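Here is a short walk through a structure. Take a look at the sequence and the fold, then read on.

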Amino acid sequence: MTEKFETHEQDVLVIGAGGAGLRAAIEALAQGVSVGVVCKSLLGKAHTVMAEGGIAAAMANVDSADNWRTHFRDTMRGGKMLNNWRMAQLHAQEAPDRVRELEQWGALFDRTQDGQILQRAFGGHTFRRLCHVGDRTGLEMIRTLQDRGVQQGFDVYMECTVVRLLKDGPRCAGALAYWREQGRFVLFKAKSVVIATGGIGKAWRITSNSWEYTGDGMALAYEAGAELMDMEFVQFHPTGMVWPPGVQGILVTEAVRGEGGILRNKNGERFMERYDPKRMELSTRDVVARSIYTEVREGRGTEHGGAYLDISHKPAEYVKRKLPSMYHQFKELADVDITKGPMEVGPTCHYMMGGIRVEAETAQSSVPGLFAAGEAAAGLHGSNRLGGNSLSDLLVFGCRAGLAAAKHAREVSSATLDAAQIEQSEREALAPFQRQAGESPYAIHRDLQELMQNLVGIYRNREDVQRALLEIEKFKKRLEVVSVEGSRMFNPGWHLALELKAMLTVAEAVARSALVREESRGAHSRIDFPDLDPVWGTKNNIVRQEGGAMALRQNPISEIPAELKQILAEDK
Amino acid sequence: MAEATMQIFRGGPDGGKPVEYKVPIAPGMVVLDGLHYIQGHLAPDLAVRWNCKAGKCGSCSAEVNGRPRLTCKTRIDSLPLDKPIVVNPMKSFPVIKDLVTDVSWNYRVNKKIPPFQPRPGAEWKFYQEDVDRSQEFRKCIECFLCQNVCHVLRDHDNHEQFAGPRFFVRIAGLEMHPLDGVSRTKLLRDELGLGLCNITKCCTEVCPEEIHITDNAIIPLKERVVDQFYDPLLWVVRKISGTSGG
């Protein structure tokens, strides 16, 4: 029956065309295997394009004392030691080479006086470490990778959404997808599959994430039997726009603080003095987000429920040169000139530390032939990610995933696709068209966003999360009778109906994990358990599908080797 | 609550018609917010491309009241509300559905451009003043509004002979890279139709990134082509020495 579908066969199939996916594809191509890249949007529009501040890499161009050890320590401390220490080590060691590689492929970073890549300060980083291009580093990165990949010759399937990973026995054998344009199904047969689909922010109401961030990759992997890890750790970026309503949640780069921006409450107090007097505005994101939230809750918020972020004490020309897109964003969308006065900012759902559990060296998941990198994978960031560590994560582990996926593809024989899996998924995907007068997917989505915002947000407690889990069960029932209007041609309502399934899966995983972790650590803050619990510091939450239901267990964190322990113990 | 009427093109390659929707207005609302409202409440199958909603990805291009714009950066309070806000797809590209157009031609053109290649023995040390110019071009978010408005494409449909402003900007970024060792001038002259541009600056006017497309990218590229192929002194030298001009 597979002959009725358009079918493409590749050694390596990469799902997602952001930084991790493109870097994986480039590395796999370099190994001489065939590579296909499937992405939901047009090439070059992935979420990486919105990354602003920079790529963290201990190149020591500005602060000569910097080295991988300090970067490793900063990352582990930022993640409250829940990180996969081996990933944190590899990341710190390999990031500088990955950045230099970008430069050799044509990226043009801002320069130091002596002609090297310029690095800026960022929260939680001991040294000035973020290689950047003004406040559009992500754009530079994605364009560089995109051009490299196109010239090397990967096949790109744009505006194509994967609905199911196909399996041949225990191993991953490919994917079933549909073309967004015509609504036709298409089969991808592959020996290795790399998931690089990013995060899950669209399950919250206030988010910096685009429509693509619906947790597809994590849900696909979960359905295919892979394990998800650390799902309770959702990063709320401290500074999103809060006014006007339409722009609520849009990111205000941490580079504003990196360049000297100051946070104040409505009384003009520099409140970070009370929360983290040492690091102030450049504290870690979890701390700054909670601080702003607390100021607002205790009645010291701004007119529109945020804090003031001010960079206007710097020369106007400097602000426009180093933060050009922030300047335009506020001028055009909020009528605020940031060279003259403060911005109003508040927390926004931004990044997922949790995701698919992978091996540090190979980025392989618990399913043979299934790899994951970037935001879709878990481990590197522990309970809280440092700014700038995302772009470097994409490069380091994208590269590793591509390498391992190519190696795996060369070692295994061609897989067989199972017609029954395909038929079942096709039927399920088309079901919303058969139903009449069901609910609109947009209504369910709005309710889910409101629920996650209110009950599984920055601060959590047992009652709220339990209620959220009950509600999610109701949403699942509502999704079973969702109906969509119109044809299969480029139909966003239908697309959303399919993405809702993934969002509900990840929302449930977040809530379940958040419920059992009875402590506060990094981005996970329990009002009913406000302190760190050393016992919880020794284990990760693991979510997995068992007998059609979501099962949760804890994995002990492996012992940190002595030489790394020593690095962690050092002060500088 | 105040309302706006939005008149949206609904249809596909075989034609369509404008459809009016009433949309409640909130402070600071942009046209894309209006489109999302329509999707969420009135027409769930309305086809729109968008991603970042912050002017960084260049996905949500359309023609608003006849002017090519990013809908995420077009404030509704900047438009007259006594008549409908008319939103149409970009004219220079074939319609797929509603506001979504087929921009695949751009990706095909892009493939023709030789990538950055460092000069042999290049030293990886260069200064901010060396990269300022290329960095301007690398701000491009590929919204394709410049392609949409360029009359060589929009009115004369010269897609096969002409690469369009977006790709002249891209080439300028490569050519002015301090370490690049490839010349793309012959390609510009022979295959990408740089000569067809008669510098009306329409592209510069619509660029949301405020790249000086005509002055900083296209004119310097034209000068490079002229220098390489039409310099009278060089022409004489080449005649005598028997080398060709490309």
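Which domains does the domain assignment of chain B give? There are two entries: domain 1 covers 3-101, and domain 2 covers 104-241. Keep in mind that this is a predicted model.

Start with how these domains of chain B sit relative to each other. Their centres, taken over C-alpha atoms, are separated by 31 Å. Domain 1 of chain B puts twelve residues into the contact, and domain 2 of chain B also puts in twelve residues. Look at the domain 1 side of chain B, where it touches domain 2. Five residues there are nonpolar, four are polar and three are charged.

Now turn to the contact between the chains. Chain B brings 46 residues to it, and chain A brings 49 residues. Helix 3 of chain B gives the most, with four residues. What is the make-up of the side of chain B that touches chain A? It has 23 nonpolar residues, twelve polar and eleven charged.

Finally, move to chain A. Is helix 5 (residues 216-223) of chain A mostly covered or mostly uncovered? Helix 5 of chain A is mostly covered, with seven of its eight residues buried. The buried ones are Asp216(A), Gly217(A), Met218(A), Ala219(A), Leu220(A), Ala221(A) and Tyr222(A). After helix 5 of chain A comes Gly225(A). The phi of Gly225(A) is positive, near 100 degrees.

How values were computed. Residues are numbered from 1 along each chain as its sequence is written. Chains are lettered from A and ligands numbered from 1 in the order in which they are written. This is a predicted model: local features need pLDDT of at least 70, side-chain atom pairs count only at pLDDT 80 or more; totals for chains, interfaces and linings use all residues. Two residues are in contact if their C-beta atoms, placed from the backbone, lie within 7 Å. Helices (H or I, at least four residues) and strands (E, at least two) are DSSP runs, numbered from the N terminus. Ala, Val, Leu, Ile, Met, Phe, Trp, Tyr, Cys and Pro count as nonpolar, Asp, Glu, Lys and Arg as charged, and the others, Gly among them, as polar. Domain bounds come from an automatic or database domain assignment. A residue is buried if 20 or more other C-beta atoms lie within 10 Å of its own, exposed if 12 or fewer, and partly exposed in between; C-beta atoms are placed from the backbone.
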